Amino acid sequence: MTSAFDLTGKTTLVTGGTRGIGKAMAMALAEAGADIILVQRDGLNTSTCEAIQALGRQCAIVTADLSDAASVSSIVPDLLSRLSSLPNGGIHILLNAAGIQRRRAAHEFLQEDWDEVLQTNLSSVFTLCRTVGNYWLAHKIHGRLINVASLLSFQGGFSVAAYTASKHGVAGITKALSNEWAGSGIGVNAIAPGYIATDMNAELQKDEVRNRQILERIPAQRWGKPEDFKGPVVFLASERASGYVTGETLVVDGGWMAR
Ligand SMILES: NC(=O)c1ccc[n+]([C@@H]2O[C@H](COP(=O)([O-])OP(=O)(O)OC[C@H]3O[C@@H](n4cnc5c(N)ncnc54)[C@H](OP(=O)(O)O)[C@@H]3O)[C@@H](O)[C@H]2O)c1
């Protein structure tokens with residue numbers, strides 16, 4: 001059964017791999033055998049790439065700012081223009097893990113924050129899905145696409161209107177793309193993290209009242225860790241493990257949504 005989770009020979013394009021959940025997911029895919037292309041805003045942070053190479057896997061960094069539509073639209077065409085130089089000669093898995101948060105009451109929410117969150121968390125995800133999906137369809141590749149959603153793909157939250165809109169959108173396009181591409185053997189799924197101890201939540205964890213309120217609602221009685229995503233992402237990245245799973249948003253939240 002372990003071979004069902006073997007990703008040897010699969011090249012994965014990953015956003016958000018410098019730290020937090022995306023880094024743990026990239027490492028898990030590499031530990032399962034995948035080679036990795038990291039999309040980073042710059043090449044300064046080489047820690048994930050070096051850790052992947054230390055496992056004996058291939059890793060490359062391509063630079064793009066996901067908050068800039070022009071920068072995002074060139075990522076995949078640039079890679080496809082030099083396919084033979086990519087590990088395993090192609091892209092087989094796409095993991096969209098990058099994301100940002102901006103907090104402010106809805107009636108005072110800044111337009112520039114709205115625009116940045118929607119571009120980074122949703123429009124860039126759709127652009128990467130569309131361009132990679134187009135390539136998979138043209139080359140009859142049974143790709144696996146994994147987006148990172150949120151509990152705010154289902155709930156409204158407070159003071160996070162742009163983030164909530166973006167993550168509802170991520171869950172929506174996950175279903176829409178699955179409907180169009182599952183018949184061609186492409187799996188399209190999302191993972192929705194609960195409350196995870198990363199830089200994104202540093203302020204929430206420091207706030208004693210909010211921290212206590214959050215912990216009281218989590219049946220597992222702890223914040224999630226980036227490592228909690230290693231198994232779920234490998235499962236969804238493997239056609240043999242999850243080939244009949246598509247259009248799904250897998251909630252990984254210590255039981256929060258079941259309350
Ligand atoms: N933490 C949670 O509780 C939680 C809950 C639900 C969903 N999520 C989602 O899970 C994903 C990862 O979250 P996290 O908590 O691990 O966040 P994090 O630690 O803040 O990491 C965010 C990642 O996104 C990258 N990124 C942000 N803006 C970018 C840009 N303009 N261009 C390129 N890369 C950019 C960051 O790169 P740099 O290092 O260059 O900044 C970093 O790799 C996000 O999609 C988030 O919305 C998190």
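Two residues are in contact if their C-beta atoms, placed from the backbone, lie within 7 Å. This briefing applies that term to a predicted model, in which local features need pLDDT of at least 70, side-chain atom pairs count only at pLDDT 80 or more, and totals for chains, interfaces and linings use all residues. Residues are numbered from 1 along each chain as its sequence is written.

**Helix α6**
- Helix α6 covers residues 161-181, and its 21 residues reach 30 Å from first C-alpha to last, close to the 30 Å expected at 1.5 Å a residue.

**Packing of α5 with α6**
- The axes of these two helices come within 9 Å and cross at roughly 15°.
- That makes α5 roughly parallel to α6 (angles under 35 degrees).
- Residues of α5 including W114, L118, L122 and F126 take part in the contact with α6, where the partners include Y163, V170, I173 and W181.
- By class, this contact holds 14 nonpolar, four polar and two charged residues; Ala, Val, Leu, Ile, Met, Phe, Trp, Tyr, Cys and Pro count as nonpolar, Asp, Glu, Lys and Arg as charged, and the others, Gly among them, as polar.

**Packing of α1 with α9**
- Helix α1 (residues 20-31) and helix α9 (residues 230-237) have axes that come within 9 Å and cross at roughly 55°.
- A24, M25, A28 and L29 of α1 meet K230, V233, V234 and A237 of α9.
- The residues of this contact comprise seven nonpolar, no polar and one charged.

How values were computed
Helix = DSSP H or I, 4+ residues; strand = E, 2+ residues; numbered from the N terminus. Expected span 1.5 Å × (residues − 1). Axes fitted to C-alpha atoms, helices over the stretch in contact; angles between N-to-C directions. Parallel < 35°, antiparallel > 145°, perpendicular 65-115°, else oblique.
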